[in-house]
Amino acid sequence: MSQLLIDKLEIMRESIGPISIRSGCRCRSHNSSVGGKWRSAHITTDHSKCKAADIGVWSSKRRYDVVESAIAAGIRRIGPHKSFVHVDVAKKGDRSMWVY
């Protein structure tokens with residue numbers, strides 16, 4: 001996992017308490033088996049460290065808190081889902097938010 005992502009997750013943890021990472025680093029094969037994108041920030045290779053994590057959420061308030069803390073931590077790519085919030089530090093353009 002990239003040090004930048006680890007640092008951002010630690011800032012989030014300090015703000016909202018313990019976080020549960022439901023999905024972090026993946027090899028290409030596993031990423032494909034779970035329906036991940038070919039250029040997913042979750043992928044770890046010999047040349048690149050994982051730059052994404054999916055943080056588990058159990059309520060709309062927790063989802064809001066995770067998104068809010070991610071923004072405060074400087075994470076610029078966020079994807080909320082019913083049961084997790086994707087956060088990543090990949091350099092793929094400017095700020096971006098999408099829903100699953």
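Is Glu10 buried, partly exposed or exposed? Glu10 is partly exposed, at a relative accessible area of 32%; here buried means under 20%, exposed over 50%, and partly exposed in between, with a 1.4 Å probe and protein chains only.

1. **Before you start.** This is a predicted model, in which local features need pLDDT of at least 70, side-chain atom pairs count only at pLDDT 80 or more, and totals for chains, interfaces and linings use all residues. Residues are numbered from 1 along each chain as its sequence is written, and side-chain values use heavy atoms, with hydrogens and water left out.

2. The term stands for a side-chain nitrogen of Lys or Arg within 4 Å of a carboxyl oxygen of Asp or Glu. Both residues belong to H1 (residues 3-16), where three residues, about one turn of the helix, separate them. Helices (H or I, at least four residues) and strands (E, at least two) are DSSP runs, numbered from the N terminus. Arg13 is also partly exposed, at 37%. As background, side chains of opposite charge can pair when their charged atoms come close.

3. **The other salt bridges.** The count comes to four salt bridges. Among them is the pair of Asp65 and Lys61, with closest N and O atoms 2.8 Å apart. They sit four residues apart in helix H3 (residues 60-72), about one turn of the helix. Asp65 counts as buried at 18% relative accessibility, while Lys61 counts as exposed at 56%. Another is formed by Asp54 and Arg26, at 3.6 Å between the closest N and O atoms. Asp54 is in strand S2 (residues 52-56) and Arg26 is in the loop between strand S1 (21-23) and helix H2 (28-33), so this pair ties together parts 28 residues apart in sequence. Asp54 and Arg26 are both buried.

4. **Cysteines.** How many disulfides does the structure hold? The number is zero, where a disulfide is a pair of cysteine sulfur atoms within 2.5 Å. For Cys27, the nearest cysteine sulfur belongs to Cys25 and is 11 Å away. Cys50 is in no disulfide either, and its nearest cysteine sulfur, again that of Cys25, is 3.1 Å away. Cys50 is buried, at 0% relative accessible area, and Cys27 is partly exposed at 43%.

5. **The sheet.** Five strands make up an open sheet of mixed pairing, in the order S1-S2-S4-S3-S5. Two strands pair if DSSP finds at least two bridges between them. S1 and strand S5 (96-97) are at the edges with a single partner strand each, so one side of each has no neighbour in the sheet. S2 and strand S4 (residues 84-88) run antiparallel, joined by five bridges. Across this pairing, Ile55 stands opposite Val85, and Ala53 has Val87 as its bridge partner.

6. **Strand S4 and its hairpin.** S3 and S4 are antiparallel too, over four bridges, and form a hairpin with three residues between them. Pro80 faces Val85 of S4 in this arrangement. Both faces of S4 are covered: Phe84, His86 and Asp88 are buried on one side, Val85 and Val87 on the other. In a regular strand the side chains alternate between the two faces of the sheet.

7. **Helices on the sheet.** H1 lies across S1, S2 and S4, at about 25° to S2. H3 packs on the sheet as well, touching S2, strand S3 (77-80), S4 and S5, and its direction makes about 175° with that of S3. Axes are lines fitted to C-alpha atoms, for helices over the stretch in contact, and angles run from 0 to 180 degrees between N-to-C directions.

8. **The nonpolar core.** The largest nonpolar core has 16 residues, and Leu9, Met12, Val66, Ile75, Val85 and Val87 touch the most other members. Such a core is a set of buried Ala, Val, Leu, Ile, Met, Phe, Trp, Tyr and Cys residues joined through side-chain atoms within 4.5 Å. H1, S2, H3 and S4 each give two or more residues, and H1 gives the most, with four. Beyond its neighbours within four places in sequence, Val66 is in contact (heavy atoms within 4.5 Å) with Met12, Ile16, Ile55, Val57 and Val85.
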